[in-house]
Amino acid sequence: MSGRGLGKGDAAAARGEDGHPRWVLVLLVLGTLVTLVAIFSIWANRQMLNTDNWVSTSDRFLANQKIDEQLSVFIANQVFENSDVEETLAEALPPKLEPLVGPAVGGLHQLAPKIAERVLEAPRTQELWSTANRAAHESLLKVLNGGGPNVSTEGGEVTLNLSSIVDQVGEQLGVGDLGEKLPEGAGTITVLRSDQLSTAQKIAKAVRRLPIVLTLVALLLFAGAVFLAGPRRRQALRSVGVGFVVAGVLVLIFRALGGHYVVHGLVASETVRPAADDAWDIGTSLLKTVASSAIAFGLLVFLAAWIAGPTAAATALRREASPWVRRQPLAAYGVAGAVFLILVAWAPVAAFRKPLGILILA
């Protein structure tokens with residue numbers, strides 16, 4: 001080293017007083033990326049492994065007009081595929097009217113989806129729909145957990161059984177009670193096939209652990225960035241808020257792009273795509289909620305950093321509040337508590353809806 005020694009700036013840098021900007025940048029980027037993945041894992045956990053959320057989402061499917069129409073067509077087709085409507089009408093009509101059987105069957109084909117749609121709107125049917133979806137998801141959870149006494153993980157399938165609804169539509173069409181006539185598998189929709197079980201079980205195990213782990217890792221990365229920022233910690237905190245916002249916005253973009261490519265890649269029929277688009281929007285609504293929560297949380301962090309900043313507005317705000325806070329500290333805490341309760345009631349962040357989330361954010 002030269003005889004002049006270290007200058008003030010060099011000495012400060014050696015002591016870390018200026019912070020570690022490169023490491024801060026690295027930790028902020030990593031924290032944002034981990035937050036991005038954490039948002040997807042939280043959504044997958046809530047959607048895949050929470051029966052109440054599954055049933056709630058399925059109820060929204062049934063309440064959607066476009067999805068309702070496609071489901072009505074499926075159920076109506078199940079009636080005709082699993083019953084001899086023509087023979088039933090021929091037995092009901094006198095011999096002289098047998099020539100009318102063919103036109104009558106054609107008319108019932110056109111009428112069946114409308115009748116199925118009306119049946120689906122009935123409260124009793126909606127209850128059956130919820131019950132069928134709850135049973136399907138409980139079976140799914142048993143399979144994902146390795147099976148159970150009534151669920152096989154070898155060669156088995158998880159299905160949504162709509163046979164009771166098909167039976168109701170058959171009665172409305174006048175083709176008799178289909179309950180005992182329906183073959184095995186009639187009116188069922190496969191949720192998970194046997195060749196998908198092993199992969200699904202591995203994903204479920206990962207999804208159970210990832211939300212907590214990734215959330216903690218993201219917070220630790222952001223905390224490390226703020227700690228290493230030295231005298232620029234307020235700016236680092238502001239960047240943390242930006243990181244949450246960026247992660248949430250990217251998830252919303254991926255959701256929009258994913259819906260376009262997934263729906264158009266899997267659904268070939270133009271008539272079915274509107275219902276598929278709505279199904280994607282409903283099925284990923286929880287993802288939108290989690291991403292929006294990340295954005296709201298980031299904005300709150302950014303706001304806190306801004307209030308502590310050197311701008312004229314922030315400085316004026318602190319100048320006005322400072323004397324009052326010093327004279328009335330209890331009142332100041334009361335105002336802060338009231339603001340927090342408003343945030344809990346408003347719940348711009350999904351964590352405000354959970355007791356543990358409220359405690360952590362407090």
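1. The largest nonpolar core has 17 residues, and Leu-71, Ile-75, Trp-129, Leu-162, Ile-165 and Val-169 touch the most other members. A nonpolar core here is a set of buried Ala, Val, Leu, Ile, Met, Phe, Trp, Tyr and Cys residues joined through side-chain atoms within 4.5 Å. Buried means under 20% relative accessible area, exposed means over 50%, and partly exposed lies in between (1.4 Å probe, protein chains only). Two or more residues of this core come from each of helix H4 (65–81), helix H6 (101–121), H7 and helix H8 (163–173). Helices (H or I, at least four residues) are DSSP runs, numbered from the N terminus. Another core, of 15 residues, lies apart from the largest one and includes Ala-38, Ala-229, Val-240 and Phe-244.

2. A note on the source: this is a predicted model, in which local features need pLDDT of at least 70 and side-chain atom pairs count only at pLDDT 80 or more, while totals for chains, interfaces and linings use all residues. Residues are numbered from 1 along each chain as its sequence is written, and side-chain values use heavy atoms, with hydrogens and water left out.

3. Helix H7 covers residues 123–144, which is 22 residues. From its first C-alpha to its last, H7 reaches 31 Å, close to the 32 Å expected at 1.5 Å a residue; the expected span is 1.5 Å times one less than the number of residues. Buried residues in H7 include Leu-128, Trp-129, Ala-132, Ala-136 and Leu-140. An α-helix has 3.6 residues a turn, so residues three or four places apart point the same way.

4. Where is Thr-125 placed? Thr-125 is in helix H7 and is buried, with a relative accessible area of 0%. Leaving out residues up to four places away in sequence, Thr-125 touches Val-119, Leu-120, Ile-165 and Gln-168, where contact means heavy atoms within 4.5 Å. Gln-168 is 43 residues from Thr-125 along the chain, with 8.7 Å between their C-alpha atoms.

5. Gln-110, in helix H6, is exposed, with a relative accessible area of 68%. The C-alpha atoms of Gln-110 and Val-73 are 9.8 Å apart, and the two residues are 37 apart in sequence.

6. The whole structure holds 2 aromatic pairs. Rings of Phe, Tyr and Trp (its six-membered ring) pair if their centres lie within 6.5 Å; planes under 30 degrees apart count as stacked, over 60 as edge-to-face and the rest as tilted. The rings of Phe-222 and Phe-244 have centres 5.1 Å apart and planes at 40°, so this pair is tilted. Phe-222 is in helix H9 (residues 197–228) and Phe-244 in helix H10 (residues 233–266), 22 residues apart. Phe-222 is buried at 3% relative accessible area, and Phe-244 is buried at 10%.

7. Which kind of pair do Phe-244 and Phe-297 form? Their ring centres are 4.9 Å apart and their planes are at 80°, so the pair is edge-to-face. Phe-297 lies in helix H12 (residues 285–307) and Phe-244 in H10, so the pair ties together parts 53 residues apart in sequence. Phe-297 is partly exposed, at 24% relative accessible area. Ring pairs link Phe-222, Phe-244 and Phe-297 into a cluster.

8. H10 also packs against helix H11 (residues 273–283), at an angle of about 145° and with the axes 10 Å apart. Axes are lines fitted to C-alpha atoms, for helices over the stretch in contact, and angles run from 0 to 180 degrees between N-to-C directions. Among the residues that meet are Gly-258, Gly-259 and Val-262 in H10, and Ala-276 and Trp-280 in H11.
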